[in-house]
Amino acid sequence: MPLLYRVARQNEVPIRFMLNGRPCEGRRGDTLLSAILTVEEQLRPSDFTQEPRAGFCQMSACQDCWVTLQNGDRVRACSTPLADGMHVMTGAGETA
Amino acid sequence: MSAAAKNPAQPLIVGAGPAGIRAAATLVAAGLRPIVVDEAPACGGQIYRQPLVPDGRDARARYGSEAPKAKRLHGEFAALQDKLDYLPNSLVWNLADGIADVAMNGAHKRLVHDGLILATGAMDRILPVPGWTLPGVFSLGGSQIALKAQGCVIGSRVVFVGTGPLLYLVAWQYLKAGVKVVAVLDAAPFSARVAMVKALPGFPAIVLRGARFVAEMMMKGVAFHYGINKLRFEGTHRVEGVSFEVRGKPRHLSCDGAGFGLGLKSEAQLADLAGCRFAFNERDRVFLPETDEARRSSVPGVYLAGDGSGIAGADAAELSGERAALSLLDDRGLAVDRARVGLLERELRKIFAFRTVLEQSFPFPAHWIADLPGNTTVCRCEEIDVSTIRDAADHFGIVEMNRLKAVSRVGMGRCQGRVCGAAAAELLAAATGQPISAVGRLRGQAPVKPLPMSFAELALPAIGEAAE
């Protein structure tokens, strides 16, 4: 079940990306946070207890939405625009 | 001879929200060419934030009653583009005397400036409660940004909880967007709202708009509860409900999304790095960088505008942005319209008085601290809970925030205590029986936000360049 629902841009150009190895589709104009949370319900496990997290402030302040790109770069999902062909790893499901 | 000596350095404005835009326009009108650095890809700040692409909604749908102001500011800033140097997608991560270190598109730039206007804005003020880290619980500001900038909503059955005008505005905006708003839960007792009567003569439109939001939501079946206690977000992998007490009676509501915030808090880390003196603000229960009515900080050449130096809202941000810019001009020996200065300061005083009434109407629930279970996460980054803070105070005799950070790691994570600092201060004050003003504040540290490692590789040549 996704965490976010779209009320605009439903018919915007689809942007394909990979989420934990799975093909997914966002929309042109999405942040990575919106693209991921309209298909999934978490962004990352927390650093120490692996609790699910999905961001909080959506304004680049709380630093709770960091995800990893395939090239190893770590980015803040709420302030990173979705781009075609991105491979995103959230670490979700990798830890017990 | 340095480049700076050949060409007098430009003034630097940090932030392109209402305060930064107004400051920039004022400097440009006086013939200066400011540099404007902003983290966002487009101007407007959080309040007038723009979508990444047009999404078919007009300004009215996006900004409601504030649409004319948003359009005016966006248009005004666009018209200034060839008269200033605008660095979007850029973070000022360090400040020192006359120098700003900027991360832009993965590269480093060291800016030399003459005159610094900090318009760094605000974020939601938070007290941790059980379950607040669950997916689906977003800050009120975050809930609003999802809707206005991304056209996304945080659930299909949403509860809004906290206090402050934003609580009612965001709930109403979600209702208008077609979302089922289950309830609005206000930490403040209904009796506190009586204070709003005092604001009616000066700000009738704002007071009546708030009343209209509540009336419309009640007609659509939104439940309202006031003076709630023992708030808890529930769920295993995501938020599934919210529990609370009203007049001692336990209540539970199910939901699949929750917006949470207790007013706003200034983003003051850069003022700290700039060396500005801070003072405790009783009303907001927080240390703020000191500023006089002319928006001068304690550091010559550093000016403070907008919510980053005390919460006063977007209209005040425009006024204080202009006032700060006029002080910068004045200090450069340039002509300043004294009548305009008087007008700006009078208008600001009126709004500040109104903010005091708002704070009385939506008081911060500091009493929640006593009820918090020990295993409640306070610091989201380092996952430090309530009992760790209470124990640190107890076992090590800690009475001050930076010692608490050193011992417990609270506020040491990626956000640098931006989110949890105020709550940790409340906890430490309660645990040690001190007033909140006595526990101090977390010192700001560069970089104010995390920087990518790839950025460090590019940093060296840029530093050499600046040293020429």
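Predicted model: local features only at pLDDT ≥ 70, side-chain atom pairs only at ≥ 80, totals over all residues.
Which residues does A:L32 touch, not counting residues up to four places away in sequence? Residues are numbered from 1 along each chain as its sequence is written, chains are lettered from A and ligands numbered from 1 in the order in which they are written, and side-chain values use heavy atoms, with hydrogens and water left out.

Now to the answer: A:L32 touches A:V67, A:L69, A:V75, A:A77, A:T80, A:P81, A:L82, A:M86 and A:V88, where a contact means heavy atoms within 4.5 Å.

Around this residue, chain A is built from one helix and eight strands; helices (H or I, at least four residues) and strands (E, at least two) are DSSP runs, numbered from the N terminus. Starting at the N terminus, the order is β-β-β-α-β-β-β-β-β. The radius of gyration of chain A is 12 Å, close to the 12 Å of the globule rule for 96 residues, so the chain is as compact as a globular protein of that length. That radius is taken over C-alpha atoms, and the globule rule is 2.2 Å times the number of residues to the power 0.38. Of the 96 residues in chain A, 57% are buried, where buried means under 20% relative accessible area, exposed over 50%, and partly exposed in between (1.4 Å probe, protein chains only).

Chain B has 15 helices and 23 strands. Its radius of gyration, 22 Å, is close to the 23 Å that the globule rule gives for 468 residues, so chain B is as compact as a globular protein of that length. The C-alpha atoms of chain B fill a box of roughly 75 × 50 × 40 Å along the principal axes. Contacts between residues 24 or more positions apart make up 67% of those in chain B with a separation of 6 or more.

Finally, let us look inside. The largest nonpolar core has 96 residues, and those with the most contacts inside it are A:L32, B:I117, B:Y174 and B:M217. Such a core is a set of buried Ala, Val, Leu, Ile, Met, Phe, Trp, Tyr and Cys residues joined through side-chain atoms within 4.5 Å. Helix α9 (residues 314-331) of chain B gives this core its largest share, nine residues. A second, separate core of 60 residues includes B:C379, B:V410, B:C415 and B:A424.
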